[in-house]
Amino acid sequence: MRHGLAAVLPLFVLTTFFCAGCDDEEATKEIAPFVKTKAVSQADGTQSLVYEGFVCGRYETNMAFQVSGKILHRYIEAGSAVRAGDVLMTIDPKDIREQSKQNESQVAAASANLKLAESNLARYRELYNQQAIAAAVLDQYQTNYEAALSEYQNAIAARSLSVNALSYTNLTANADGVISAINVEEGQVVTAGQEVLTLVQTGELETEINLPENRLADVTVGTPVKVKFWALPNETAGVIREIYPMADATSKTYKARISLPDAPSAIRLGMTAAVTVLADATDTAAKSGIEVPLSALYQTDDTTYVWIVSDDNTVKTKKITVREFKSNSVTVDGLQSGDIVVTAGVNKLRENQKVQVKGEAK
């Protein structure tokens, strides 16, 4: 019995030793930590600002009558779509018609005077040729003829003006568009040149935004922008066409007009838009670098790094240069588009350590 126990005891101790070794090995085996990451790109560093805007027409016409009078009819409302040549308003033509009749009578009278002066001139020229009258008498009748001719020409011109004035009693649209504002009503007496309505031409639509004065240096005429319409699914490219040279007296902002070369056919006047102004694409890297969260920075002595996740899910440090600190991010040089940067837990990592990616930001 003792001999049997003596034989089994060493085997038991050896087995226990090996099992303990297995437990220690399992305990010391490293578990790859979870890390949060972000795939950076050059666009992350682009200085972009978004402005609220609205769709407007490039050409807006403040329309007025060319004659004075009382508005007799108004055929449109604010928001009415009109075609070129449509009659929008009419002025009572009664007084202008009477003036036209008076001018017509003056033409008839001037024509009769001209015929009489022409006959007298012909008669006295014949007498002068017969040496029956002095040259001074002929000069007098020549002067009378020229005066009658001038009077007749003036009467003709006055008649033409009255005919034109009669046509001006109809205010017609000069282009296809939409009535954006009406300033008068039927029965109101208006003067020639008084603004009565605004016609926005729909042939070329664009977007208007307001720039604060501290952002004027960010854009120039020709700066490319992206325009997203709230009512439409896709954004479209635009170009800043004009920046007003003077600030609005109330808002102290500068209006900017954005042309839309490929404007969607579905856009309408007054639609709201979000306009994104991007940095110049030719020197984006020089201006802005790449932007990463502050939590991605890893400092060793005087050198700043970020952790980059490789394809095999190991991490390596990459030296960077800090360009600009912001509230929750930092702009850096030294990264490339597509780098996977660790954004949380950077102080617990070591070189070539295996990690598990969690919550990767695209």
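## Buried and exposed residues

A residue counts as buried when its relative accessible area is under 20%, as exposed when that value is over 50%, and as partly exposed in between. This model is predicted, and within it E208 has a relative accessible area of 7%, so the residue is buried. K255, at 30% relative accessibility, is partly exposed.

Strands of a sheet pair through backbone hydrogen bonds, which may run in either a parallel or an antiparallel arrangement.

One of the pairings joins strand β12, residues 224-229, to strand β13, residues 235-243, in the antiparallel sense and over five bridges. Here K228 has E235, in β13, as its bridge partner.

## Salt bridges

The model holds 13 salt bridges. Among them, E208 is joined to K255, with the closest N and O atoms 4.0 Å apart.

Another salt bridge joins D339 and K318, whose closest N and O atoms are 3.1 Å apart. This pair links distant parts of the chain, since D339 is in the loop between β21 (329-333) and β22 (340-344), whereas K318 is in strand β19 (residues 314-319), 21 residues apart. D339 counts as buried at 12% relative accessibility, while K318, at 24%, counts as partly exposed.

A further salt bridge, between E98 and K101, has its closest N and O atoms 3.9 Å apart. These two residues are three apart in helix α2, so about one helical turn separates them. E98 is partly exposed, with a relative accessible area of 44%.

## Aromatic pairs

There are two aromatic pairs in the model. In the stacked pair, Y124 and Y141 lie 3.9 Å centre to centre, with 10 degrees between the planes. This pair links distant parts of the chain, because Y124 is in helix α2 (residues 94-129) and Y141 is in helix α3 (residues 135-167), 17 residues apart. Y141 is buried, its relative accessible area being 19%.

The pair formed by Y298 and W307 is tilted, with 5.3 Å centre to centre and 40 degrees between the planes. W307 counts as buried, at 2% relative accessibility.

How values were computed
Residues are numbered from 1 along each chain as its sequence is written. This is a predicted model: local features need pLDDT of at least 70, side-chain atom pairs count only at pLDDT 80 or more; totals for chains, interfaces and linings use all residues. Side-chain values use heavy atoms; hydrogens and water are left out. Rings of Phe, Tyr and Trp (its six-membered ring) pair if their centres lie within 6.5 Å; planes under 30 degrees apart count as stacked, over 60 as edge-to-face and the rest as tilted. Helices (H or I, at least four residues) and strands (E, at least two) are DSSP runs, numbered from the N terminus. Buried means under 20% relative accessible area, exposed over 50%, partly exposed in between (1.4 Å probe, protein chains only). Two strands pair if DSSP finds at least two bridges between them. A salt bridge is a side-chain nitrogen of Lys or Arg within 4 Å of a carboxyl oxygen of Asp or Glu.
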